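Open the structure in your viewer and keep the selection tool ready. We will go stop by stop.

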Amino acid sequence: MDKLASLLHTSPAIAWMVAKLIIVFGGVFSLAALWTWVERRGSAMIQDRIGPNRAALFGKIKILGLVQPLADGIKFFFKEDLVPHDANKALFWLAPFLALVPALMGFAVIPFGRSFVSGGQEYHLALLDPGNGMGLLYPLAIGGMAVYGVLVAAWSSNNKWSILGGMRASAAMVSYEIGMSLAVVTIFMTTGGYDPSEVISAQGHLPWAWNIVRQPLGFIVFFTCMFAETNRLPFDFAEGESEIVAGFNTEYGSMKFSLLALSEYCHLMTASALMATLYFGGWQVPFVKDPTVMLSVASFLVKMLFFAWVFVWIRWTLPRFRYDQLMRLGWKAMLPLSMVNLIFHAWRMSQGH
Amino acid sequence: MFITFALITLLGALGMLLQKNVVVAGLCMVAAFFGVAGLFVLLANPVAAALQIIVYTGAILVLVLFVIMMLNSHQEEEAQAARPVQRWLSVALVAGLAFGAMKLVLGSAGVKALAVKGAEMPQAMTLQKVGTTLFADHLLGFEVAGLVLLAAMIGAVALTKRNL
């Protein structure tokens, strides 16, 4: 890192920051693109089909259709960019960015590997260094912003299906945010801190000391709420093509649609990373006390991609809920469960455990 | 940095006032809240910034926009008659309030803390400090606020659901 920095005439800190920016945003974005392929192949696997397998580099190299996202991207770029006549033009343009930016930003605070010291300087593998004061409030705040992308896309299209989708999505996201936040607050309480690095180090390297074992109820609530927050099936009321055409993105085409779709996958990645960090020890490697940096990164990636796969898996296994069932589940099951979880752990802490 | 965030806040607020389209006005307000959150970060209070975004932009304004969309009112309603007296009275009142608030802020002890440099600088706010302050120093106010919110919630339910 020092050599690279001197080569570029900057300080190691700045070079590291730029490297992290590229790793995090590029990594999340390309993983999201890759996951469109995983989703299509995964759904094909689950439904006993073959799925996309024809796209090939130079007409030869197929690799299980892995170049499909590339082909999709090129196709989206060259499609005609239609804007409905009565749409609010400015907001119609703005909406995909309002959706994508929070989706990418949410990852910034999550440590994707252990910190290391090199040349007398400590390097942290998270875009926002530990002790930034925002901690895990940051992904909650950014996650709350995500609803604006859907709302603005829905409203600016000036289409009743879109508005219905946007309204459903915003109601669902706001309702599930409460249960989710209470589950996270319980983790803050038992950890005694709210920085992701503190949450990870408090969990240690033994799998039975991770928060999933200590707070299984909290995990169930958080896991369920993440589906509503990312608008994934069985809670994808923003789209619901059997009811409201394609929901909030009915009027979108070409690259703008692609950005909206990619932002959903970026959300999925951030949600998986949050689950790994909060409940599965983040970058901790099971039974290894002081893992090397690469091993910790690999451990984090395995956990995160596992949850990203679970999102795909559940999408193609469960049918969509009805809208009132979703709201009832949110307010009458998730919120009370989350409160029970909070009060139980508060009681345990007051007993000195 | 300060100028950027201050400009975002002011332009957002101005846009909210001048914009005839209600949804765009709401989005301008989001921008204003973002600017305020940025100002909180500059004041070494990231917790307040995060809470500002979670509570105001993540919950309250989403609900406001939700209601606007549900009522499907795209344009602000025109006033039936011009009311010059009320208008100037309210402008004068707001100006007086703003002047008083500025005077209070500039006269408070907190302003002197801004001039402190180096090791004397106060530590950044953390969630732990917010919690201890709320439950140790301002317990009464905190409980009263909780009670008021509970009453408001019960009132809202009672108003909307006639037959419980």
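**Before you click.** This is a predicted model, in which local features need pLDDT of at least 70, side-chain atom pairs count only at pLDDT 80 or more, and totals for chains, interfaces and linings use all residues. Residues are numbered from 1 along each chain as its sequence is written, while chains are lettered from A and ligands numbered from 1 in the order in which they are written.

**Stop 1: select chain A.** Chain A has 13 helices and two strands. Helices (H or I, at least four residues) and strands (E, at least two) are DSSP runs, numbered from the N terminus. The radius of gyration of chain A, taken over C-alpha atoms, is 21 Å.

Of the 353 residues, 46% count as buried. A residue is buried if 20 or more other C-beta atoms, placed from the backbone, lie within 10 Å of its own, exposed if 12 or fewer, and partly exposed in between.

**Stop 2: select Asp48(A).** You are in the loop between α2 (12-46) and α3 (68-78) of chain A. Is Asp48(A) buried or exposed? It has 6 C-beta neighbours inside 10 Å, so Asp48(A) counts as exposed. Check its backbone too: phi is positive, about 60 degrees, although Asp48(A) is not a glycine. Most residues other than glycine have a negative phi.

**Stop 3: select α2(A) and α3(A).** Their axes (lines fitted to C-alpha atoms, for helices over the stretch in contact) come within 9 Å and cross at roughly 110 degrees. Angles run from 0 to 180 degrees between N-to-C directions. The two helices are therefore roughly perpendicular (65 to 115 degrees). Now show the contact residues (C-beta atoms, placed from the backbone, within 7 Å). α2(A) gives Ala33(A), Leu34(A), Thr36(A) and Trp37(A), and α3(A) gives Gln68(A), Pro69(A) and Asp72(A).

Terms used. Rg over C-alpha atoms; globule rule 2.2 N^0.38 Å. Parallel < 35°, antiparallel > 145°, perpendicular 65-115°, else oblique. Contact = placed C-beta atoms within 7 Å.
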